[in-house]
Amino acid sequence: LQFRGVLKILDEQLETMIALKVEQCTVHLPKNVYTLESENAQDPRIKFHSVQLDMRSLAQYSDMHVSMSPVTLCIPISDDSKGGANLKWNREQTYLQLSSLTYSSLSLNGPGPMYVPYRASQKIRLGAIKGQLLLKQISVLSQSLKCFNEQYRLGVDYDIYANTVDGVFA
């Protein structure tokens, strides 16, 4: 893990720069919104060989670049009739891999004091996708994605808008 952050004052404006590099990292995906089983062998995992994040922000513009390669999704499933050997086979032989993923964004803002964004661009580049998954693994992946959606829906911003009537605060 490498991290570098810089805050500078440039012409009476704050400039923020962040650089982050992570190698050999694993993210465990939840299978349930309300319970989290720690380090469960059945949890879907996303493995990253390398992740790089570069951000720079000023009042007039902000840009971000995220690069990941390769990204491997593993969804271990067990078949009780075959025992632990099947779990090991699934971990090694069933996967979904993305050779590279790159996200970049640029936002240009108008003059102060409001600095309203007047132009923004975002680009996502995907590398080669390969893999083999079983139908049960696709079902588990779908369940994990629904959990993320539910957590986002119940997040902090949702509570703010829950107290509005037709977008106007009550």
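Author: A pocket, as the word is used here, is an open set of grid points where a 1.4 Å probe fits, with protein on both sides within 12 Å along at least five of seven lines. The model is predicted, and its largest pocket has a volume of about 260 Å³. Its lining is made up of 14 residues; nearest the centre lie Ile46, Val71, Leu73, Leu96 and Leu98. Two or more lining residues come from each of β3 (45-57), β4 (61-74), β5 (95-98) and α2. By class, 12 residues of the lining are nonpolar and 2 are polar, while none is charged.

Helix α2 covers residues 135-153, 19 residues in total, and spans 27 Å from its first C-alpha to its last, close to the 27 Å expected at 1.5 Å a residue. Gln137, Val140, Leu141, Ser144 and Cys147 are the buried residues named in α2. Seen down the helix axis, the buried residues of α2 fall within an arc of 110°, and they therefore line one face of the helix. On the other side of α2, the exposed residues are Leu135, Leu145, Lys146 and Asn149.

Gln137 belongs to helix α2. Gln137 counts as buried because its relative accessibility is 0%, where the cut-off for buried is under 20%. The side chain of Gln137 reaches the backbone nitrogen of Leu134 at 2.7 Å.

How values were computed. Residues are numbered from 1 along each chain as its sequence is written. This is a predicted model: local features need pLDDT of at least 70, side-chain atom pairs count only at pLDDT 80 or more; totals for chains, interfaces and linings use all residues. Side-chain values use heavy atoms; hydrogens and water are left out. Helices (H or I, at least four residues) and strands (E, at least two) are DSSP runs, numbered from the N terminus. The expected span of a helix is 1.5 Å times one less than its number of residues. Buried means under 20% relative accessible area, exposed over 50%, partly exposed in between (1.4 Å probe, protein chains only). The arc is that of the directions from the helix axis to the C-beta atoms. On a 1 Å grid over the protein atoms alone, a cavity is a set of points where a 1.4 Å probe fits but cannot get out, and a pocket is an open set with protein on both sides within 12 Å along at least five of seven lines; lining residues have an atom within 4 Å of a point. Grid points are joined across faces, edges and corners, and a volume is the space filled by probe spheres set on the points. Ala, Val, Leu, Ile, Met, Phe, Trp, Tyr, Cys and Pro count as nonpolar, Asp, Glu, Lys and Arg as charged, and the others, Gly among them, as polar. A polar contact is a pair of N or O atoms within 3.5 Å; within protein, one must be able to donate a hydrogen and the other to accept it, and residues adjacent in sequence count only if both atoms are side-chain atoms.
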